[in-house]
Amino acid sequence: MTEKTALVPRTHTTPPAKFSHGVKKGNILQVAGQVGFLPSGEGGPPTPAGPGLREQALQTLANVKAVLEEGGASWDDVMMIRVYLTDVDHFAEMNEIYNAYFEEQALTAPPAARTTVYVGLPAGLLVEIDVLAVLG
Amino acid sequence: MTEKTALVPRTHTTPPAKFSHGVKKGNILQVAGQVGFLPSGEGGPPTPAGPGLREQALQTLANVKAVLEEGGASWDDVMMIRVYLTDVDHFAEMNEIYNAYFEEQALTAPPAARTTVYVGLPAGLLVEIDVLAVLG
Amino acid sequence: MTEKTALVPRTHTTPPAKFSHGVKKGNILQVAGQVGFLPSGEGGPPTPAGPGLREQALQTLANVKAVLEEGGASWDDVMMIRVYLTDVDHFAEMNEIYNAYFEEQALTAPPAARTTVYVGLPAGLLVEIDVLAVLG
């Protein structure tokens, strides 16, 4: 029997429903849809980084990374990155941010696969990202 | 060689194309996008539960669960739940329904990760859900 | 330590950002969101097959298949097919194309699970598809 464990970074805001920010079972690690909320404050409501796409996207990627690390994984273990944007006009800027971010991460494995689609998100949110990782 | 098997609950309506409601291979189980169709009737067209989000969402969750059980799995094995809604204004109500549903399921493992996005769906459908499970 | 490898068919256009068209690690293979771009030409920009949904969808499926084959996999190994369309009115036609395509592929395993949702895509693109496969 392989155990399923919840991955809950202490800096993360409480999810708005009964789901885990990440789960790991065997060699599979799934990170829930992360958004650009700043580290949880003292009793305040979740607040996204801002004011623009860049700040939100970088905070979102940091939030994903924190869940990966909580599970003993890194970006090198990530197989798939799902990027949800709200505006097709953000595609080029998001790619710039994405490339610069992963350049800084100094990956040692090939980059993950990715799908980017344009959807609706709650007011104020410009980007959401979830990832699937396979541990080595 | 690990065999891939189709998971097809008898109560489910026939998919609108050549896909399986669920498949299992080794310890990985994937449930296709389920909607709130009532158990298939005698020759009638697929009909969603109604009239509101609550009925559709609960039927959708029941349809997912039936596929999981067809594969010998349960909600405890689910790693990721993808929730597709059509209206951002349904978020709060969906979370209430979701929390109450999983409270009743009496999970013994941590809750799955989740991503919720707002997309278009065929007329009459308010919610679609697919899940990835890893068997223990 | 299981190695993660990138799957990059020679005919594929360069991704618009630092991601891989596909990755494989252990028995898990993930194909990135593929669109209907024709095989990459000499220095020209990526160009989608056309003029209609049929040509784009078939090219998209061919692009997915090329990534699977690069990883030593086939459609029979695919667990989940995510279909992103831009127009709910394309559902029936997409299902016809999908069924005819998979009829021709002469699968020996049960068809994969599938989710179809309607999202925004960059101008000119009508369909995007990504898949998750488990190797046998």
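**Exercise 1. Work out how strands β4 and β6 of chain C are joined, and in which direction they run relative to each other.**

Step 1. In this predicted model, strand β4 (residues 78-85) of chain C is joined to strand β6 (residues 127-134) of chain C by seven bridges.

Step 2. The two strands run antiparallel. As background, strands of a sheet pair through backbone hydrogen bonds, either parallel or antiparallel.

Step 3. One of the bridges can be located by its residues: C:L85 has C:V127 in β6(C) as its bridge partner.

**Exercise 2. Describe how helices α1 and α2 of chain C pack against each other.**

Step 1. Helix α1 (residues 53-70) of chain C and helix α2 (residues 91-105) of chain C have axes 10 Å apart and pack at an angle of about 40 degrees.

Step 2. Because of this angle, α1(C) is oblique to α2(C).

Step 3. The crossing of α1(C) and α2(C) is right-handed.

Step 4. Find the residues that meet. From α1(C) they include C:L53, C:A57 and C:L61; among those from α2(C) are C:M94, C:I97 and C:F102.

Step 5. Sort the residues of this contact by type: nine are nonpolar, one is polar and four are charged.

**Exercise 3. In what order do the six strands of the chain A sheet lie, and which strands stand at the edges?**

Step 1. The strands of chain A form an open sheet in the order β1-β2-β3-β6-β4-β5, with mixed pairing.

Step 2. β1 (4-6) and β5 (113-118) of chain A each have a single partner strand, so they stand at the edges and one side of each has no neighbour in the sheet.

Step 3. From one strand to the next, the twist averages 10 degrees.

Step 4. β1(A) and strand β2 (residues 22-25) of chain A run antiparallel and are joined by three bridges. A:T5 has A:K24 in β2(A) as its bridge partner.

Step 5. Place the helices. Helix α1 (residues 53-70) of chain A packs on the sheet and touches β2, β3 (28-34), β4 (78-85) and β6 (127-134) of chain A. Helix α2 (residues 91-105) of chain A lies across β4, β5 and β6 of chain A, and runs at about 150 degrees to β4(A).

**Exercise 4. How much area do chain A and chain C bury between them, and which three residues of chain A supply more of its share than any other three?**

Step 1. The contact takes 29 residues from chain A and 27 residues from chain C.

Step 2. Between them, chain A and chain C bury about 2200 Å², of which 63% is on carbon and sulfur atoms.

Step 3. A:M79, A:P110 and A:R114 supply 22% of the area that chain A buries against chain C, more than any other three residues.

**Exercise 5. Where does B:G124 lie, and with which residues is B:G124 in contact beyond its neighbours within four places in sequence?**

Step 1. B:G124 is in the loop between β5 (113-118) and β6 (127-134) of chain B.

Step 2. With neighbours within four places in sequence left aside, B:G124 is in contact with B:P48 and B:Q56.

Step 3. For B:E69, 55 residues apart from B:G124 along the chain, the separation of the two C-alpha atoms is 27 Å.

Technical notes:
Residues numbered from 1 in each chain as written. Chains lettered and ligands numbered in written order. Predicted model: local features only at pLDDT ≥ 70, side-chain atom pairs only at ≥ 80, totals over all residues. Heavy atoms only, no water. Axes fitted to C-alpha atoms, helices over the stretch in contact; angles between N-to-C directions. Parallel < 35°, antiparallel > 145°, perpendicular 65-115°, else oblique. Left-handed = near helix turned anticlockwise from the far one by under 90°. Contact = heavy atoms within 4.5 Å. Nonpolar A, V, L, I, M, F, W, Y, C, P; charged D, E, K, R; others polar. Pairing = 2+ DSSP bridges. Buried area = accessible area lost by both parts, 1.4 Å probe.
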